[in-house]
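Could you walk me through this structure, step by step, while I have it open in my viewer? Please tell me what to select next and what is there.

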Amino acid sequence: MKLKTDKLINHILSIHPMAWLIGALVSAVVEWSVGTVIAYSIGLSDGIPPVFGLSLIFAKPLLIPSVILYLVLVYLIPIYVVARLLSGVVGKVMSRLPQLASIAVYLIMLYAVLEVWGSLDDYRLMVLKLIGIGIILTVSLNLVNGWMGEFSVAHAGFMAIGAYVSSIVMVWGFVNDDVFGPAVLPTSWAPVAFPIALIIGGIAAAIGALVVAIPSFRTRGDYLGIITLAFVFIVQGVINNLNFIGGARGFMHMPPLSSLTWVFIWTLLALFMIQRYVSSTYGKATSAVRDNESAAEVMTVDTRKVKIIAFLTNAFWAGIAGGLYAHMMGYINPGNFGIVMSVEVLAMLYLGGLNSITGSVVGAVFYRLISEILRPLGLYKWVVIPVLLILIMIYRPFGLLGFQEIKLPTFGRKKEVPHAADAD
Amino acid sequence: MPLMQINHLTHFFGGLRAVHDFNTTIEMGDLKGLIGPNGAGKTTIFNLVTGVYRPTEGEVIFEGKNIVGKRPNVISDMGIARTFQNLRLWTNMTVLDNVKIAAYSRIKYGLVGAFLGGNGRYEEERMLDQEAERLLKMLDIDKFRDFKVSNLPYGIQRRVEIARALMVRPKLLLLDEPAAGMSPAEMLEIMDVIRMIQDELGLAIWLIEHRMKMVMELCQSIQVLNFGEVIAEGPPDAIRNNPVVIKAYLGTVVS
Amino acid sequence: MTEVVQQLLNALQWGSFYALIALGYSMVYSILMLFNFAHGDIFMTGSYIGLFVTLGLLGIFASGVVALPGWVIFIITLLLTMLLTSFLGILLELVAYRPLRDAPRASAAITGLMVGIFLETGNLALLGASRKTFPADKLIKQSIFDIGGVYVTNIKLLTIVLSLFLMLLLHLLVQKTKLGMAMRAMSVDYAIVPLMGIPMNTVISLTFAIGSALAGAAGVLFAMGYPVLEPYMGMLIGWKAFVAAILGGRGSIMGAALGGYLLGFIEIIVAAVFVSTLKDPIAYGIVLLILTFRPHGIFGEAYSAHLRI
């Protein structure tokens with residue numbers, strides 16, 4: 001059995017990744033053009049299954065054979081056929097491109113696939129955006145819980161700060177609101193102001209993170225965990241009491257500016273910046289603090305600075321994610337940002353893997369897909385997910401991809417780099 | 001001006017006096033020994049000098065500045081590095097990374113370079129790579145560069161720790177029982193390493209050891225500590241047959 | 001003045017709830033260095049267990065062949081609930097924590113959170129979202145005493161007295177029995193205990209059992225005083241009790257109890273001085289401060305260098 005999966009994996013790897021992406025794009029176009037027709041003709045009376053028919057597993061299990069047929073016809077066959085055919089040609093072209101151009105092509109293609117696929121159903125767009133927001137939350141939490149080895153649940157609180165602050169900025173600027181008065185800025189500025197508002201939210205969250213970062217100088221482990229827990233409750237409690245932003249009733253009317261494009265861009269930025277950090281010597285000191293803090297201190301590492309960077313980065317990106325979330329939902333209330341939200345991100349983190357960038361992506365994607373499957377179960381989702389996570393804790397305490405990364409394709413032509421051993 | 005001057009260093013842990021009125025002078029290029037029975041306070045003195053503890057009394061003057069009260073990372077940046085009695089490597093990382101991190105305070109590319117990349121950062125990382133590899137080569141462990149340290153044998157790990165300490169570019173290197181757990185052959189190798197480091201880098205070394213052969217052959221001068229106090233000091237010959245020293249170790253006077 | 005005494009009694013009552021639950025947190029932490037994040041939901045489940053036990057008993061005994069007075073049913077409910085909740089605690093340890101003894105500590109913490117969510121959602125799914133009423137008045141009719149202008153209900157007094165009694169029993173158990181000695185030994189040096197011939201798993205199971213029993217008692221007493229139950233009550237009260245355990249001090253059993261009462265007082269004072277909706281954030285804020293400057297709480301010991309697994 002293992003041999004067969006190995007063979008399968010090797011076969012998948014032998015086809016150029018760009019070819020896979022082109023195949024995916026073709027498949028999305030196929031679905032866009034004839035998807036509905038195919039769906040109806042094979043018995044899917046509701047039309048195109050929104051997210052691979054995952055939610056039908058428990059909702060309408062009898063339709064599963066039809067769903068599988070649909071997946072094969074619309075996804076599997078076009079993707080595989082196109083990928084297989086183009087692999088050789090694409091491989092040659094891609095290897096000629098300089099590194100930067102190659103990366104750009106990949107990203108544009110990925111974006112195109114997501115856009116076309118998502119455009120068929122608003123629900124798909126929401127799922128994709130939630131995945132993006134989940135990735136941002138997970139990878140930034142990974143910095144604190146994975147690379148720095150702490151146990152923090154404060155991210156829901158950071159998310160709340162980012163969500164509210166960015167919403168306040170946007171509502172004050174662009175919406176005629178009871179509390180914040182008439183719109184102050186011209187609406188044409190809104191698309192430009194949005195990222196600025198998000199960043200302001202992120203910075204506010206980062207400042208809030210000092211409440212947690214400073215105690216971390218002297219406290220570790222469980223006790224720091226409790227401080228982060230208290231932080232979440234405090235943020236929730238404070239917001240509940242601030243009536244000018246709606247208190248427990250919630251806050252709304254923020255303009256729905258979280259397009260798939262924006263979420264895609266911010267997700268890429270988060271992944272890029274955090275990956276850059278943890279691969280630098282500067283960032284690796286974070287793991288040194290985890291593995292032996294006293295040794296790190298004596299080896300010139302400013303452990304306080306390392307901790308502050310980790311917590312504030314986590315907070316900043318969680319704040320961005322909160323802002324994106326708020327401007328996607330159009331309504332937020334303190335209940336959104338409690339322990340349950342923290343636990344959801346923890347689930348994504350452990351599902352994917354500690355100390356792994358690709359693991360964070362995998363975790364967020366898997367969690368959303370699992371949520372999709374469990375959606376028809378309603379409440380019982382929160383019976384299944386805890387059990388799932390407990391099993392992961394028992395059998396793979398560092399997550400599925402803990403300390404490992406999925407190897408990404410090499411991008412184009414490498415610049416000539418003299419190897420250190422070549423030097424005299 | 002001596003490289004390091006310690007005056008009247010005294011430290012209490014609660015009610016327990018661990019170090020009492022310790023004084024020493026170390027010049028550039030010295031190889032000084034600190035010996036004594038277990039629990040005499042030797043590692044405590046290292047901890048006091050490197051800033052892990054703040055001494056109850058006394059001053060530690062390094063290159064003319066009193067470093068008491070400074071944080072350990074500041075002190076190491078000033079040029080004092082150490083190895084540990086019980087190996088404190090960062091086990092989940094490679095040998096190369098373990099060494100490179102010791103250059104943390106020297107890194108110039110800062111947050112911008114760390115989060116965004118850029119040529120400055122890549123250049124600097126390459127330089128760090130080269131410097132670290134040179135140190136690994138000096139210690140004859142360059143072929144283990146990409147190994148995870150937890151997979152390596154004990155003797156190699158000890159060398160990694162020394163390489164890491166040297167990455168700090170110390171003027172003073174504190175070695176805490178570098179030969180602990182080693183076979184006699186390994187110990188001789190380490191002795192060669194220590195001599196070589198001194199020759200090539202010209203730094204001062206302060207050595208805590210229990211292996212008398214090592215101490216007697218390497219050190220120019222030795223201090224003997226017992227119950228936190230210096231009970232004898234001088235060149236190896238003066239210490240070797242000193243009855244006070246022998247009594248401290250063995251408990252009786254050997255005639 | 002009467003207002004002050006009135007509030008004092010409220011503080012004592014709520015403090016009793018917090019203390020009883022905090023004891024469970026503290027006991028488990030002292031022997032396992034682990035915060036059982038599911039404990040608040042054990043309290044919640046205990047309340048519901050008490051509900052069903054009481055309804056069952058009332059059905060059998062209140063009318064029909066054998067009639068028992070309400071207060072007897074109350075006692076039986078209390079004892080039976082404590083017993084059943086203790087089984088829940090033992091089960092929890094066996095299924096969720098024991099397999100993770102050697103795993104990184106964050107894993108155990110997350111598992112605890114997961115079990116808590118599991119219990120809450122299970123409750124919601126099985127019993128629905130509607131609040132359940134505990135038939136407190138059928139057990140003990142509420143009567144109000146007027147003592148010099150201060151109005152005290154018998155239930156409030158009962159809560160305080162019973163809680164103190166249970167804590168006294170616990171204190172005696174920890175100080176005077178072999179099991180208690182084993183628990184104290186484990187809290188000092190985890191690794192040595194099996195070498196002394198003390199069956200570690202038994203001590204651990206029993207610690208969970210006792211802690212859960214106390215939480216079950218708190219559940220019943222709470223239901224008597226505030227007879228409306230809902231699945232998220234563990235969140236509200238259980239987490240606060242957790243805060244109290246921290247306040248009182250790591251691993252210090254009596255510290256947890258004192259922490260509970262202290263928290264009760266802090267809350268009442270905050271509610272009196274500020275807006276009562278701020279009492280939660282302020283309570284947590286105080287905890288944050290204490291943890292920052294005195295992480296071992298008020299009565300706990302500073303972190304010792306002992307080998308802790």
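Start by selecting A:His253, which sits in the loop between strand 1 (251-252) and helix 10 of chain A. This is a predicted model, so everything on this tour is computed from the predicted coordinates. Is A:His253 buried, exposed or partly exposed? A:His253 has 15 other C-beta atoms within 10 Å, so it is partly exposed; a residue would need 20 or more to count as buried, and 12 or fewer to count as exposed. Now look at the backbone: phi of A:His253 is near 75°, a positive value in a residue other than glycine. Most residues other than glycine have a negative phi.

The domain assignment gives domain 1 (1-79 + 172-255) and domain 2 (89-169) of chain B. The centres of these two domains of chain B, taken over C-alpha atoms, are separated by 27 Å. Where they meet, 12 residues of domain 1 of chain B are in contact with 11 residues of domain 2 of chain B. On the side of domain 1 that touches domain 2, the elements giving two or more residues are helix 2 (72-78) and helix 7 (184-201) of chain B. Helix 7 of chain B gives the most, with 4 residues. That side of domain 1 of chain B divides into 5 nonpolar, 4 polar and 3 charged residues.

Now show the strands of chain B. Here you can trace an open sheet of 6 strands in the order 6-7-8-3-9-10, with mixed pairing. Which strands stand at the edges? They are strand 6 (80-82) and strand 10 (229-234) of chain B; each has a single partner strand, so one side of each is left without a neighbour in the sheet. On average, and ignoring direction, neighbouring strands of this sheet are turned by 20° against each other.

Zoom in on strand 3 (residues 31-35) and strand 8 (residues 204-208) of chain B, which run parallel and are joined by 4 bridges. Pick B:Leu34 and look across to strand 8 of chain B, where its bridge partner is B:Ile208. Then bring in helix 1 (residues 42-50) of chain B: it lies across strand 3, strand 6, strand 7 (172-176), strand 8 and strand 9 (221-226) of chain B. Helix 1 of chain B runs at about 150° to strand 7 of chain B.

Time to move to chain C. Select its contact with chain A, which takes 34 residues from chain C and 31 residues from chain A. Helix 4 (105-127) and helix 11 (279-293) of chain C each supply at least two residues of the side of chain C that touches chain A. Helix 4 of chain C gives the most to that side, with 15 residues. The side of chain C that touches chain A is made up of 25 nonpolar, 7 polar and 2 charged residues.

Within chain C, display helix 1 (residues 2-32) and helix 8 (residues 200-225). How do they pack? Their axes are 9 Å apart, at an angle of about 170°, which makes helix 1 of chain C roughly antiparallel to helix 8 of chain C. The residues of this contact divide into 18 nonpolar, 6 polar and no charged.

Follow the chain on to C:Met33, in the loop between helix 1 and helix 2 (39-62) of chain C. C:Met33 has a positive phi of about 55° although it is not a glycine. With 17 other C-beta atoms within 10 Å, C:Met33 is partly exposed.

For a last stop, select C:Val270 in helix 10 (residues 253-273) of chain C. C:Val270 touches C:Leu278, C:Lys279, C:Ile282 and C:Ala283, not counting residues up to four places away in sequence. C:Val270 and C:Ile282 are 12 residues apart in sequence, and 7.6 Å apart in space from C-alpha to C-alpha. C:Val270 counts as partly exposed, because it has 19 C-beta neighbours inside 10 Å.

Note on methods. Residues numbered from 1 in each chain as written. Chains lettered and ligands numbered in written order. Predicted model: local features only at pLDDT ≥ 70, side-chain atom pairs only at ≥ 80, totals over all residues. Pairing = 2+ DSSP bridges. Axes fitted to C-alpha atoms, helices over the stretch in contact; angles between N-to-C directions. Contact = placed C-beta atoms within 7 Å. Nonpolar A, V, L, I, M, F, W, Y, C, P; charged D, E, K, R; others polar. Parallel < 35°, antiparallel > 145°, perpendicular 65-115°, else oblique. Domains from an automatic or database assignment.
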